Amino acid sequence: MDSHSRILRHEKVSPTVNFRRSLLVTPNGGRRYRRYCSRDNRRNSLRRALAEKKSMSNSFAGLQVNSTFQEPEELKSDNSIVDSETSLFESSPETSPESTAAMVASPASGRLLVINVKSPSSTRFQPNSSRPTVKPSPSIPCADSMAPFYSFVWAVSVSFILVGTIWRGFHPSDVSAYFPAFHPRPMHHWINDPNGPMYYNGSYHLFTQYNPDGFVGGPMHWSHLVSKDLLHWKDLPIALSPDQDYDCGGIFSGSATIVDGTPVLTYSVQCNKFMINAVPAEGTDSDLSEWVKPKFNPVMYRPNDTYDDFRDPSGGWQGNDGIWRILTTCHNGTCMWKSDDFLSWKYTGIFINTTDIMECPDFFVIPGTDKWVYKGSNEGGRDWYVIGDYIQSPADIIDIFNITSKPLEQNNQLYDVGTFYASKTFYDTPNNRRVLYGWINYHCDGTDWSGVQAVPRVVSLDPITQNTLITYPIPELENLRNPATPPQNGSVEIGASFEYSLATGAQVDVFIRFSKIVSGKEYHFGLDVFKDPSTGNGLRVKFDIAADSTASLNGNPFPLYPQDNQIVSLRLLIDRSVMEAFVQGGRISQSIPYCTPNPANIDILHLGIFNDGTVPITAEYKVYSMGRGVPLPSN
């Protein structure tokens with residue numbers, strides 16, 4: 001397996017372990033992008049920046065920009081834990097003309113529930129809508145007296161390639177079958193961290209780390225998506241490219257802040273030396289499709305007490321004193337910076353001391369409360385959070401954060417226990433809520449893209465504990481639903497299972513409620529997804545509950561409370577090659593990529609409920625087929 005496969009195949013190696021270094025791996029294992037950050041370039045850039053900064057404006061009005069900059073050519077959220085989902089099963093809507101249901105026999109119990117749902121044609125996969133780029137074959141070398149030999153070698157090589165391609169079942173419809181329908185991402189190539197999410201002038205913007213040259217990490221840019229509803233996305237030209245000396249090697253992660261009515265992108269660079277501001281170009285369109293870097297850049301320089309890990313500025317926030325604050329990753333913790341104009345920044349010290357390097361720090365207040373959340377992404381691939389009380393200090397002194405939850409990296413205080421990293425939140429002004437994105441890293445064989453963003457989630461305090469978080473999909477996702485299958489009830493007996501198949505293009509929103517979970521007994525039950533009817537193989541979502549009510553989701557512990565009323569609720573968002581699971585209304589969540597080995601049949605999704613325990617349980621479920629919000633790749 002080549003180095004790219006070792007990095008990207010999530011089932012072999014954790015995709016986020018040392019991912020900053022993996023971004024630089026080239027086919028021969030080199031780190032060729034380091035040359036962009038030569039010592040002379042850094043010294044000259046620093047001199048120019050200091051000279052230019054003396055004449056900079058103290059306001060973002062009338063900014064002068066670098067005239068030599070060239071545009072790149074490529075260019076309800078009701079969180080009551082169980083009750084909010086209970087209503088889904090209280091009534092049974094009439095069966096849609098688009099769906100049918102039937103009962104057939106089961107080997108284990110004599111009954112097998114099979115539901116065949118026919119989705120509207122508009123949501124079915126169109127096999128000719130996307131085809132991979134086919135590069136022309138090179139000419140046969142040495143067309144002289146050796147031509148017959150080379151022709152033979154060439155013919156044999158091509159034959160092996162064709163046989164391997166056919167054997168893998170690779171064809172355009174198979175490849176496009178993996179592409180998500182409602183998980184945001186650009187149409188092609190590699191993405192990683194979500195960057196700069198924001199709401200501005202009636203539109204939602206989402207940027208990501210992006211390599212325009214392939215499906216593996218490389219010189220980083222920022223891609224740009226825009227939406228009116230957080231559901232239907234438009235893929236815009238590249239927003240930021242490494243086109244200045246201070247971009248030394250590539251544009252790493254950052255955030256967006258609205259400053260005096262102007263959106264400002266603050267980003268870090270690969271050589272870990274500077275922080276840069278970018279603003280919309282004068283006269284740009286309503287999608288903000290053009291961005292420029294003002295002459296005063298850089299705006300931050302690496303502190304003397306920090307080594308190589310200076311990156312990932314958070315979104316800025318303004319205190320009661322009118323002073324702006326930003327957090328950044330530092331070698332020995334999370335650093336705080338302050339500014340009165342968002343241009344001249346002063347380093348005030350370490351805001352959060354951490355044992356591990358915490359990338360992509362985020363800091364925000366939960367709307368409607370006085371509780372603040374700090375999040376850090378450690379290089380082990382997890383996004384940890386703590387909750388506490390925030391106290392502002394004078395402009396030249398570091399602020400104070402008193403943690404009231406369990407300490408960082410304890411108590412399973414994670415946004416997500418699956419493949420989910422480098423998350424970023426933003427304040428959704430119209431809805432007065434905090435919305436979360438996270439990077440789900442994977443690559444399906446035969447495709448030209450890698451990674452998706454998790455569906456947007458609302459972050460809120462758990463109403464039971466008031467000291468932990470729940471994350472749950474925004475309610476707007478319901479607007480992508482097609483007519484639902486009628487709810488079905490059944491008792492899953494010991495060792496038996498109910499199974500059903502859905503002709504929905506593997507785009508579904510599934511609700512399951514397991515009830516009669518009493519204390520003092522053990523339970524082992526769950527759901528098989530993408531189940532192969534012939535082999536029984538697939539992706540398993542399993543619950544284990546001990547006699548003392550200690551519970552786990554695929555081995556990851558989560559609490560059960562008396563308020564749960566002996567019910568375990570599960571919501572699955574299944575989107576062709578990725579799935580997100582939410583338990584107890586978002587008390588625990590898990591993102592799981594899965595590239596089915598038989599993409600030709602992905603349009604028929606097989607699900608099966610199982611019970612491997614010794615106690616009967618009741619499983620009620622409701623399944624919705626989902627439409628498309630992310631455009632399919634163009635040729």
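Predicted model: local features only at pLDDT ≥ 70, side-chain atom pairs only at ≥ 80, totals over all residues.

Visitor: What is the general idea behind a salt bridge, and how many does the structure hold?

Guide: Side chains of opposite charge can pair when their charged atoms come close. The structure holds 25 salt bridges.

Visitor: Where in the chain do the partners Lys 293 and Asp 247 lie?

Guide: Their side chains form a salt bridge with an N to O distance of 2.7 Å. Lys 293 belongs to the loop between β10 (291–292) and β11 (300–301), while Asp 247 belongs to the loop between β6 (233–240) and β7 (251–259).

Visitor: What separates the closest N and O atoms of Arg 433 and Glu 476, and why does the pair tie together parts of the chain?

Guide: In this salt bridge the closest N and O atoms are 2.5 Å apart. Arg 433 sits in strand β21 (residues 433–440) and Glu 476 in the loop between β25 (469–473) and β26 (481–484), so the pair ties together parts that are 43 residues apart in sequence.

Visitor: Why do Arg 433 and Glu 476 have the burial class they are given?

Guide: A residue is buried when its relative accessible area is under 20%. Arg 433 counts as buried because its relative accessibility is 8%. Glu 476 is likewise buried, because its value is 18%.

Visitor: Is Arg 540 buried or partly exposed, and which residue is its salt-bridge partner?

Guide: The partner is Asp 528, with the closest N and O atoms 2.7 Å apart. Arg 540 lies in strand β31 (residues 539–545) and Asp 528 in strand β30 (residues 523–529), twelve residues apart. Arg 540 is partly exposed, at a relative accessible area of 35%, whereas Asp 528 is buried, at 7%.

Visitor: Which residues are linked in a network of salt bridges?

Guide: Such a network links Asp 309, Arg 311, Asp 312, Glu 359 and Glu 379.

Technical notes. Residues numbered from 1 in each chain as written. Heavy atoms only, no water. Salt bridge = Lys/Arg side-chain N within 4 Å of Asp/Glu carboxyl O. Helix = DSSP H or I, 4+ residues; strand = E, 2+ residues; numbered from the N terminus. Buried < 20%, exposed > 50% of the residue type's maximum accessible area, 1.4 Å probe, protein only.
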